[in-house]
Protein chains: 2
Amino acid sequence: MLVEGHHFRGDWGTPADVGWRAAMQNLADVAAMGAEPIALVVSLGLPPRTPVGWVRELGLGFAEACDPIGVGVVGGDLTAAESLTISVAVHGDLVGRDPVLRSGARPGDVVALAGRLGPAAAGLALLMAGSPHVVPGADDLVAACLRPHPPIASGQAAADAGAHAMLDVSDGLVRDAGRIARASGVGMEIDSAAALAMDGHRLAPAARALGIDPLEWVLHGGEDHGLLATFAPDADLPPGFVPIGTVVAESGVRVDGEAERGLGGWDHFA
Amino acid sequence: MLVEGHHFRGDWGTPADVGWRAAMQNLADVAAMGAEPIALVVSLGLPPRTPVGWVRELGLGFAEACDPIGVGVVGGDLTAAESLTISVAVHGDLVGRDPVLRSGARPGDVVALAGRLGPAAAGLALLMAGSPHVVPGADDLVAACLRPHPPIASGQAAADAGAHAMLDVSDGLVRDAGRIARASGVGMEIDSAAALAMDGHRLAPAARALGIDPLEWVLHGGEDHGLLATFAPDADLPPGFVPIGTVVAESGVRVDGEAERGLGGWDHFA
């Protein structure tokens, strides 16, 4: 569920951006179980003065996100609300596969990520600083925030490659890695250099301009919706997946051997 | 989507009532296409100070509604919002049937309804008047408002009996009959005596106490989520369906031959 003021701001992007993001966030959830997305249903809560054009543009954003994947919005409902509210449910088909859960990681597994790690958080930081265009590459980062590109097809590829556990990173790498670790009764060691290598070159100019360590965005930024999965040590990683760590027996998530206490990342109710 | 202040009030019922109603409203949508409900996904938008007990009770209401039907909540998401907001999507299975749409009504069809017609609106009127317990049967009417009982299984029975068109009455009989009529390119004649006969005896004491014509509730009250369907004139109506009108070629909805201009019923954005 996306709520204006919490998950998007009307002055940061277009209604189509909101529709795109609402679609992608939910498509990523289906992909992260190894399923093929089939169709979306969308519930809208709208303040009574919402212009019809806003809703039409929102729908265009959904279509732009969905058309290339061959899915579409097949139903939903409309109602009045104080805040613009968008709730999406995606129907998926496992096409005979077993679902990939969070609970299957095993000590020794390779931890790998497909997609981006940090750009959406960097784009959000630029928007919040009111300086979305000041540095080279800033437009790309803002676009990554407003229109994330989760690697939807990589979810099925990971399932076919025998992924033991998977989720999409929506609240930050460390926080979401911790979710797999807890569900699986294991721990994780993250290699910060490997994680930073994925998108560090894109993040560097904005990080310098804002005086932020880009590793903050890599480890604790959310909403890129990359797919974080674990694979047996001898598995061939499917295309797009990059190794960034290892599953270990000892609980907790450690970055370069140091414990992360899980205080970073996005807490919806903080 | 249910939003506090628009679709429920914390002082009128319990959180379990809200969960029950959110489940039933959406189960009725699936039933109205002739499908068997399979599972629910629920998105919650919660003000950060929402007590955990509220959410737990909401869940109990979902369970009370779902358990007898053999379905359950299998997933969803939680997020922060200004207003308590509940969005539900139900997965259904047509089990090989064609879906029953709104667009299949044909002139000559019998218009029939399964479920209740008016009690939820009467209960709402009692709650709004601040007099929920003053007349005989008032508690039943208030319960019908807070915990509607759509005839879920009747949807599949109607499909098996060859229903041409169907929907659940959520915004009032005349308004929802008009939806079938427009989608099918036909009109409808409603027999007010037959419609009133379904629940008129339950409505009469409250109508007298509030000085309201009970036919208002029957024709324009929503949220009982009865199933309104049309059947070929020679079809055997399935158990529970009561004839209340006829499909005709001339567009529009008429009650006892007089045009209803569709001004009654619930408009979410009025």
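## Two domains

Chain A is split into two domains. Domain 1 of chain A covers residues 2–93. Domain 2 of chain A covers residues 110–260. The model is predicted. The C-alpha centres of the two domains lie 23 Å apart.

## The interface between them

The two domains of chain A touch each other. On one side, 20 residues of domain 1 take part. They are in contact with 19 residues of domain 2. Together the domains bury an area of about 1,700 Å². Carbon and sulfur atoms give 63% of that area.

## Charged and polar links

Three salt bridges are found across the interface of domain 1 and domain 2 of chain A. A salt bridge also joins Asp17(A) to Arg147(A). Their closest N and O atoms are 2.6 Å apart. The bounds place Asp17(A) in domain 1 and Arg147(A) in domain 2.

Polar contacts cross the interface too. Five residue pairs are in polar contact there, with both residues at pLDDT 80 or more.

## The domain 1 side

Which elements give two or more residues to the side of domain 1 that touches domain 2? They are helix H1 (15–31) and strand S2 (36–46) of chain A. H1(A) gives the most, with 10 residues.

Notes:
Residues are numbered from 1 along each chain as its sequence is written. Chains are lettered from A and ligands numbered from 1 in the order in which they are written. This is a predicted model: local features need pLDDT of at least 70, side-chain atom pairs count only at pLDDT 80 or more; totals for chains, interfaces and linings use all residues. Side-chain values use heavy atoms; hydrogens and water are left out. Domain bounds come from an automatic or database domain assignment. Contact means heavy atoms within 4.5 Å. Buried area is the accessible area (1.4 Å probe) that two parts lose on being put together, summed over both. A salt bridge is a side-chain nitrogen of Lys or Arg within 4 Å of a carboxyl oxygen of Asp or Glu. A polar contact is a pair of N or O atoms within 3.5 Å; within protein, one must be able to donate a hydrogen and the other to accept it, and residues adjacent in sequence count only if both atoms are side-chain atoms. Helices (H or I, at least four residues) and strands (E, at least two) are DSSP runs, numbered from the N terminus.
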